[in-house]
Amino acid sequence: MTNQLKTGQKALNMNDSSMHSNTDRIKKSLKKRNSKEKRFRLWGRLAISFGFLMVAILFADIGTKAYPAFFQHWIKVDIEFNRQWLSIEPSDSAVRPDMQALKQANYSATVKKSLYQMFPSITARGDKRDLMKLLSYSAEFKIEDLVTANPDLLGQRVSLWLLADDDVDSYFKSDFTAGQSSGRINDKQAMWLKQLFDSGAVEKRFNTLFFTNSDSREPELAGIRGALSGTILTMIIVLAISFPIGVSAALYLEEFAPKNRWTDMIEVNINNLAAVPSIVFGLLGLAVLINIFGLPRSASLVGGIVLSLMTLPTIIIASRASIKAVPNSIREAAIGLGASDMQVTLEHVLPMAMPGILTGTIIGLAQALGETAPLLMIGMVAFIVDVPTNFTDAATVMPVQIYLWADSPESAFLAKTSAAILVLLAFLLIMNFSATFLRSKFEKNGQ
Amino acid sequence: MTIKTKSLTDGMEIEHTVGNVFADDPKMSMRNVDVFYNDKQAIKNVSIDLARNQVTALIGPSGCGKSTFLRCLNRMNDTIDICKIKGSLLLDGEDIYHKKMDPVLLRARVGMVFQKPNPFPKSIYDNVAYGPRIHGLAASKDDLDEIVVTSLQKAGLYKEVKDRLSSSGTGLSGGQQQRLCIARTIAVSPEIILMDEPASALDPIATAIIEELIDELKEKYTIAIVTHSMQQAARISQTTAYFHMGSLIEVGSTDHIFTNPSHQLTENYITGRFG
Amino acid sequence: MTSTALILIITLLTLGSYWVGMQRSIKVAGGVSQIKNMHSLPQQFGLLTAFCCGLPALFLLLLWGIVEPIIIQSLLVDSLDAQVQALSSADLSLYLNDIRIMADSTLSELSNDGVKQQAALYLQVLKDQASILKSGLILITALASVMFIASRFKLSFSARALSESVTKFLFLSCSVVAIFTTLGILMSVLFESLQFFKSVSSLDFLFGTTWSPQIAMRSDQVGSSGAFGAVPLFAGTMLISFIAMTIAAPVGLLTAIYLSQYASPTLRTIAKPMLEILAGIPTVVYGFFAALTVAPFIRDTGEALGLNVASESALAAGIVMGVMIIPFVSSLSDDALNAVPKALKEGSLAMGATESETIKKILLPAALPGIIGAMLLAVSRAIGETMIVVMAAGMAANLTANPLAAVTTVTVQIVTLLTGDQEFDSPKTLAAFALGLMLFVTTLLLNVIALKVVRKYREQYD
C-alpha cells in the first residue's frame, strides 16, 4: 500500500499544471466537435426524412394514378327497341315474343343502328365503325337485360346511359381540348364526343363496376370482385390452418416441451423458416401439393395451404413471446390449487397470452394477404372471369390481380392497378392498425 | 437554525438544512436546487457547497435523491427527457446550467464514477486513452502513453495490468474494473470527481483499496461521493450531508455528524433506527 | 357428397359428441349431484369423446384422399382395351386426362370418341360410388368410436389424463409441422434438382456464363440443348442486392440510431408507424412503383445526362428494394443498439464525449455483431425478394456490373420458368428447382450465420 501511495504522489506532482491547459485545449476543440455532432444528427434526420419522403412519394404516386379509376364516363344514347333491328320474328307488335326469341335477338345491331340514328350524317363504313368504338361492348348486354326483364319495351324508344369505351373514358379524363384528337381518339371521334358532351349526353359517375365486376379484357369492365373473393377464400384457409397449428405449437414449445436438443432443433428450424424466401414456399406447393397430392392448380385451397406454411413461423414466434410474457406466478398459483398442466395452460396462460397471439396472427395474416410470389408458382396467376365460390375453384387474389394488371398494355389498366393497390393497402393498414391497437392495449394491461 | 417539526414521521416538512452549508473554499456551490421528474419533485430546495480538495459524502436512505443530486452536478440528467432542474449550481463561480456552458466541457471538468463498474468493451489501454483521445489532450503517441500510465498509476492499477494493457478491460475483476473506471476518469484531469456508490458492487478487500485510493485522490481533486455505507462515509469523508425524501436535512463535518447529529432524522439514520 | 360438406358434418358430429360424452358421464355418475364421485369432470369426458369422433374421421379422410385416385385410376385402366393399356405411360396419362375432362364436363357430346365416352361414364360411376363409400365409412367410424368410448365410461375412468395426453400429442404434432415444412422444401427442391443435374452438368450450371433456357422449348429445333449457365443470374442477383444494401444499410442504421438516441418522443411516435407502413407494403406494390415510376424516372434522368440506361435497369429495382428493406434493417439494428447496456453510454458521456462520439466509438463497436447479423438477414431478404425484380428487372441474362443495364435474377428466372405452360420433366422446368435449391441453401446459410452471430452477441451482455 505504501508503494502505491508513493507512485500516486509522484504522479500528482508530475502533471500538476495540466489542469487548466486541459480545459483550454478542450475548449478549443469544442467548436469542431460540436459541428461534427450537428453533422451526425443531420445525417440521422436525413435518413428519417428519406423514409418519410419515400412513403409520401409512393402514396402520392399511387393515389394520383388511382384517382381516375374510381370514375367512369357514361354516354346517353336513344335506343330504339326496333323489332326489325333485333330480328325478332314475327315483327308484328301485337304478339309477345317468347324468351327464346329474346335471348337470340340481335342486340348488337340495335345498339349500332340506334347510335347511327343519333349521327345521321355519318355514312362511311370506317366512320360507322369508329362511332361504335365510343361505346363499351357491354352495351348490348345491358339492353338485352332490359328487354328480357321487360319485353314491353319492344317498339319503344328509350334514352339510356351506356358505359363509354375505355379510350373515350381516358380521353375525357385527360386534359383534352374539345374536338381535338388525343390518345387513341381520332379527330372525327373527338368531334362526335364534343357534340355529345355539349348536348349533355356525357356524364361522369362513380365507378361501381370496379367493385362488382370480376376481371375482364376490357379495362372499363374490369373489377376486383373476383380477386377479392379469392383473397377472402384464401385467407379463410390461412386462418383455419395457421392459427390453430401456430398457437398449439407455441403452447407446446413454451409450456410442455422438455428442454433438449429436439426442441432446440425445432426452435432453430422455426427461426430459419421465418427467413426462407416466400418463392421457395411456392416451389414446395408446386412440387408437393400439386404434383404429388394432385390438388387442383390455381385453387385457393392450395394457395391457402402454401401461405399458411409461410405464415406459421410468424405466428409461432409471436405467440411464444406472448406466452413467455405471462408471469410465472399465475402458473404457480393455479398449480397450487391442484390444476393439471393442461388446465393451467388452457384456462390461465392461454387467455392471458391471447391479445399478443392475436396481434401476431393479424401481422401474419397481413403478410399473407400481401404475398404474391408463391402464388405465381401454383398457378394462381391465370385470367379468371368467374367469381370463385369454392375452395377448389380456380381463383386469383388481390396482389396477383395487381401483378396481372400491371403487366397489361392498355393504359386504362394503369389506373385500375393503382386503385386495386389502394384497396389492398386499405385492408393492410386496417389490419396493421388493429394489431398496433391490440398491442398497446395489451401493454397497458400488462403493466 | 429553526426547525419546523410536526412529528418524526415521513410526512415531515423541512424548511432549512441544519448545519453550515457554506464551505470556506467552495469548488462548487449549489443553491436552492429543485429537481423534477415530470410533476414529481425529486430534490427539494437543496443548498450545499463542495469544499475544494475534500471528500464530501452524501448519505441517506434509498430513494432520498442523493444520486439524482449527484447526477445534476455534471449534467448527466440532461440525458433524461423528463428531468427538469431549477436553482443555481456554480462551478468556480460559473453557472453550469448556463446556456453558454457546454456539457461536454463541464463533464470533462467534473468526472463521474458509477455504481456498477462500466469499462468499455475495449482494451485496458484504450479504456484509459478514450478520454484524452476524444478531447485531443495528447499531442503524440508518447504523450498518450504517459497519460495512460500515470492515470493507471494514480488509480493504483498499473502494477497489476502493466503486462496486459492490450487485453480487454471487461476481463478484469470487479475491483480492478472500478479502478480502471477511476483511471479512465482521471486521464482527462478533471477538477471534481463524482462517485455514485463506487464500492457497493465490490467485495470488502476491493472496497478497502478503493477507499484508500479516494483518500489519496482528494489531494488533487474535489470529490463528492454517494454511499450507502455510513462506515465508509465516516472513514473517507471530511464533510457529510444527510438527505431524506429529496431534502437535505443536515450538513456538517463528518466527525460532528457521526458523533453528535443535530437533527432527529439524522440521528435516527445514523443509529440505525431508520433506513 | 363433397369434401367440404363432409368436413362440415364431421365438425358438427364432433361438437355433438362433446355434448354426448358430457351427458353420458353425468348419467354414469348418477346425476349432476354425484359428479364429485367421478375421477374426471364431465367436460373432460366430453373432450375425450369429441377426440374419438373427430380424429379418426379426419385421419380416414386424409388417407382416402391419398389412396382414392390411385385405386380409381387402376380400376379405370383395367376397364380399358388392351391396346390402350399398352400405351406408353406419357400417352396413357394424356389419354386418362381426356377421360377425366370428359367426365368432369357436363357437355359430354364434346367428343365423338365412343370408347372414351364410355370410360368417362364409368369414371363418373366409380367416383360416385367412391364418394358414397367414403362418406359412409367415415361417418360409421366416427359414430362407432364414439359409442365404444362412451360404453367404457365408469366412475374411475380417467378421462382427464387420457384427453390431456391426446391434446399434448396434438400440440406436439403441430410443433413438428415446421420441421416437416423444412424437410418438404428441401426434398422437393433437392429431388427435382437431381433430375435436372442428370441432364445438365452441375459444373455447367454453377460456372457457365450463358443462360438461355428458352431454346430448349422445342426438341426439334437446332441447338435445342439450351444453355443453363447460372452465373449471370447470380451476378444479377448480387448486383441488385448490392444496390439495395447501399441504400438500406446506411439509411436503416442511421434511422435506428437517430430514433433510439436522439429523437423526441413525438418524432418517435410518428416515425415508428411510418416504418411499419414501409414494412407492411406488399412487394407487388413496390414492384409496380419500381416498374412504372422509378424506372422511367431513372431512364429519363439518365438520358438527360447523356447516359445509356436500360428501361428495366438494375438500379431501379435495387433502389426500390433498398427502400423496402430499410424498416427491416432499422428494426434489427434498433434491437442490437438497445442490447448495449446503458451504463456504457453513460460512462462515455460522463467522460465528456459528445453523443455522436459515444455512438461512433462506444455504441456501434459494442453493437457491431448484432448489426452485422442484421445486415446478413437483410441481404438474405434481398436475395430472396421476387416481385420487385420480376416486375422491374429484366429477363435478359446479362453478365455485367453496370447498374444502368438490365440484369436478371435467380428469382425472376424461377418465376419465368414456372409460370405458363410447363412440362414437368423438361430441363427448363427442372432448372427452376435447381435455382430454388441455390436460393434456399444461400439464404439458409446467411440466416444460420446471422442468427448465430446475434445469439452469441446477446449472450455477451446477458
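Throughout this tour, a residue is called buried when its relative accessible area is under 20%, exposed when it is over 50%, and partly exposed in between (1.4 Å probe, protein chains only). The model is predicted, so that local features need pLDDT of at least 70 and side-chain atom pairs count only at pLDDT 80 or more, while totals for chains, interfaces and linings use all residues. Residues are numbered from 1 along each chain as its sequence is written, chains are lettered from A in the order in which they are written, and side-chain values use heavy atoms, with hydrogens and water left out.

**Stop 1: a pair within one helix of chain A**

Select A:Glu37 and A:Arg41, whose side chains meet in a salt bridge at 3.2 Å, N to O; the term stands for a side-chain nitrogen of Lys or Arg within 4 Å of a carboxyl oxygen of Asp or Glu. Both residues lie in helix α2 of chain A, four residues apart, about one turn of the helix, where helices are DSSP runs (H or I, at least four residues) numbered from the N terminus. A:Glu37 is buried at 8% relative accessible area, whereas A:Arg41, at 28%, is partly exposed.

**Stop 2: a pair between two helices**

Next, select A:Arg320 and A:Glu267, which form a salt bridge of 3.8 Å, N to O. Because A:Arg320 lies in helix α14 (residues 300-324) of chain A and A:Glu267 in helix α12 (residues 261-274) of chain A, the pair ties together parts that are 53 residues apart in sequence. A:Arg320 is buried, with a relative accessible area of 12%, and A:Glu267 is partly exposed at 26%.

**Stop 3: chain B**

In chain B, select B:Asp215 and B:Lys218, where the salt bridge spans 3.0 Å, N to O; B:Asp215 counts as partly exposed at 34% relative accessibility, while B:Lys218 is buried at 16%. Then select B:Asp25, B:Lys27, B:Arg52, B:Asp92, B:Glu94, B:Arg109 and B:Glu191, which are linked in a network of salt bridges. Over all chains, the structure holds 28 salt bridges.

**Stop 4**

Show the surface and select A:Lys32, A:Lys36, A:Arg39, C:Lys360 and C:Lys361, which form a positive patch. Patches are made of residues with over 30% relative accessible area and no salt bridge, like charges being joined within 9 Å and nonpolar side chains (Val, Leu, Ile, Met, Phe, Trp, Tyr) within 5 Å. Helix α2 (18-66) of chain A and α13 (355-384) of chain C each supply at least two residues, and the largest share, three residues, comes from α2 of chain A. C:Lys361, in helix α13 of chain C, is partly exposed at 37% relative accessibility.

Staying in helix α13 of chain C, select C:Leu368, which is partly exposed at 43%. Its C-alpha atom is separated by 7.9 Å from that of C:Ala336, 32 residues apart along the chain.

**Stop 4: a nonpolar patch**

Select A:Ile292, A:Phe293, C:Phe59, C:Leu63, C:Ile66, C:Val67, C:Ile70, C:Ile71, C:Leu75 and C:Tyr122, which make a nonpolar surface patch of about 950 Å². Helix α2 (residues 42-79) of chain C gives the most to this patch, with seven residues. Among them is C:Ile70, found in that helix and exposed, with a relative accessible area of 58%.

Terms used
Accessible areas come from the Shrake-Rupley method with a 1.4 Å probe; for residues, only the protein chains shown count as cover. Lys and Arg count as positive and Asp and Glu as negative; His and the chain ends are not counted. The place of a charge is taken as NZ of Lys, CZ of Arg, CG of Asp or CD of Glu.
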